[in-house]
Amino acid sequence: MADIVNLRQFRKAKARDERETVAEQNRISHGRTKAEKTLTKARNEKAARQHEQGRIEKPEQD
């Protein structure tokens, strides 16, 4: 036989788990020091510059 499940409690538990995952993501993104944020920003800008430098420009065709 299958176990009887209270749907109200199941829904509440599911909502609680979803809120916890969102909270974890927020802790990761917003819970950093200014130095860490600056370092990440600098690394992203450097990677973008290197990516742009590797582009091959095609000559314009008239």
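Helices (H or I, at least four residues) and strands (E, at least two) are DSSP runs, numbered from the N terminus. By that rule the chain has 2 helices and 0 strands, and Phe10 lies in helix 1. This is a predicted model, in which local features need pLDDT of at least 70, side-chain atom pairs count only at pLDDT 80 or more, and totals for chains, interfaces and linings use all residues. Residues are numbered from 1 along each chain as its sequence is written, and side-chain values use heavy atoms, with hydrogens and water left out.

**Overall shape and surface**

- The radius of gyration of the chain is 24 Å, whereas a compact globule of 62 residues would have one near 11 Å. The radius is taken over C-alpha atoms, and the globule rule is 2.2 Å times the number of residues to the power 0.38.
- Taken along the principal axes, the box filled by the C-alpha atoms is roughly 75 × 40 × 20 Å.
- Of the 62 residues, 0% count as buried. Buried means under 20% relative accessible area, exposed means over 50%, and partly exposed is in between (1.4 Å probe, protein chains only).
- About 6700 Å² of the chain is accessible surface, and carbon and sulfur atoms account for 53% of that. Accessible areas come from the Shrake-Rupley method with a 1.4 Å probe; for residues, only the protein chains shown count as cover.

**Charge**

- There are 16 positive and 11 negative side chains, and the centres of the two sets are 9 Å apart.
- Lys and Arg count as positive and Asp and Glu as negative, while His and the chain ends are not counted. Each charge is placed at NZ of Lys, CZ of Arg, CG of Asp or CD of Glu.

**Salt bridges**

- A salt bridge is a side-chain nitrogen of Lys or Arg within 4 Å of a carboxyl oxygen of Asp or Glu. The count by this rule is 3.
- Arg27 pairs with Glu20 in a salt bridge at 3.3 Å, N to O. Arg27 is partly exposed at 45% relative accessible area, and Glu20 is partly exposed at 43%.
- Arg27 also forms a salt bridge with Glu24, with the closest N and O atoms 2.6 Å apart. Both residues lie in helix 1 (residues 7–30), 3 residues apart, which is about one turn of the helix. Glu24 is partly exposed, with 37% relative accessibility.
- Arg55 and Glu52 form a salt bridge in which the closest N and O atoms are 3.3 Å apart. Arg55 lies in the segment after helix 2 (34–53) and counts as exposed at 53% relative accessibility. Glu52 counts as partly exposed at 47%.
- Between Arg55 and Glu24 the separation is 31 residues in sequence and 37 Å in space, C-alpha to C-alpha.

**Surface patches**

- Patches are made of residues with over 30% relative accessible area and no salt bridge; like charges are joined within 9 Å, and nonpolar side chains (Val, Leu, Ile, Met, Phe, Trp, Tyr) within 5 Å.
- Val5, Leu7 and Phe10 make a nonpolar surface patch of about 320 Å².
- A patch of positive charge on the surface is formed by Arg8, Lys12, Arg16 and Arg19. Of this group, Arg8 is found in helix 1 and is partly exposed at 46% relative accessibility.

**Lys14**

- Lys14 has its place in helix 1 and counts as partly exposed, with 48% relative accessibility.
- Lys14 and Asp3 are separated by 11 residues in sequence and by 18 Å in space, C-alpha to C-alpha.
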